[in-house]
Amino acid sequence: MSDYPEKTCSIDRLLTHGKLVAAALAGQKTQQRRAGVYAYPGESFDLNGQAFVVKDLRQERYGDMTDRDAQSEGYPSLGMYKDLIKRMHGGQDMPGEQLVWVHEFEKAE
């Protein structure tokens, strides 16, 4: 994994919120943005007995998110996603230049 930095957290912490787990299980969530690296491509993780595999890991600016990205995160729109992030961070907006790691995943066959 020399192309990526060391993990900042374990893969089992990638998706923990019940609604997000449910969205992933329903196929409505295929990405998770984090400030650090939680998993590398090819690694697998389990959600309620369903295996998932990380397909891609890339770094993007928070401000470059689109509605499609928000939908891949399991939210109907970019506005709703950003409102949630703002509430989680005490009412503060994340700077558009903020780099995040995008963990893209799918159900394992």
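Tutor: What follows is a short talk through a predicted model, starting with its pocket.

Student: OK, what volume does the largest pocket have?

Tutor: Its volume comes to about 550 Å³. There are 23 lining residues, and those closest to the centre are Leu20, Gln32, Leu84, Ile85 and Met88.

Student: And which elements give two or more residues to that lining?

Tutor: Those elements are α1 (18–25), β1 (31–34) and α3 (78–88), with α3 providing the largest share, namely four residues.

Student: Switching to packing, which residues in the largest nonpolar core touch the most other members?

Tutor: That core has 21 residues, and the ones touching the most other members are Leu15, Phe45, Leu47 and Tyr81. At least two residues of the core are supplied by each of α1, β2 (44–47), β3 (50–61) and α3, and the largest share, four residues, is that of α3.

Student: What does Leu47 touch, then?

Tutor: Leaving aside residues up to four places away in sequence, Leu47 touches Leu15, Val21, Ala24, Leu25 and Phe52.

Student: New topic: how many aromatic pairs does a search of the whole structure find?

Tutor: The search finds six aromatic pairs. One of them joins Tyr4 and Trp101 edge-to-face, at 6.5 Å centre to centre and with 70 degrees between the planes. Tyr4 sits in the segment before α1 while Trp101 belongs to strand β4, so this pair ties together parts that lie 97 residues apart in sequence.

Student: Which residues do ring pairs link into a cluster?

Tutor: The cluster consists of Tyr4, Tyr40 and Trp101, linked by ring pairs.

Student: Last one: why does Glu104 count as buried?

Tutor: Glu104 has a relative accessible area of 18%, and the cut-off for buried is under 20%, so Glu104 falls in that class. Glu104 lies in strand β4 (residues 99–107) and, not counting residues up to four places away in sequence, touches Thr30, Gln31, Val53, Val54, Lys55, Asp56 and Arg58.

Notes:
Residues numbered from 1 in each chain as written. Predicted model: local features only at pLDDT ≥ 70, side-chain atom pairs only at ≥ 80, totals over all residues. Heavy atoms only, no water. 1 Å grid on protein atoms, 1.4 Å probe; cavity = no way out; pocket = protein on both sides within 12 Å on 5 of 7 lines; lining within 4 Å. Points joined across faces, edges and corners; volume = space filled by probe spheres on them. Buried < 20%, exposed > 50% of the residue type's maximum accessible area, 1.4 Å probe, protein only. Contact = heavy atoms within 4.5 Å. Core = buried A, V, L, I, M, F, W, Y, C linked by side-chain atoms within 4.5 Å. Phe/Tyr/Trp six-rings, centres within 6.5 Å; stacked < 30°, edge-to-face > 60°.
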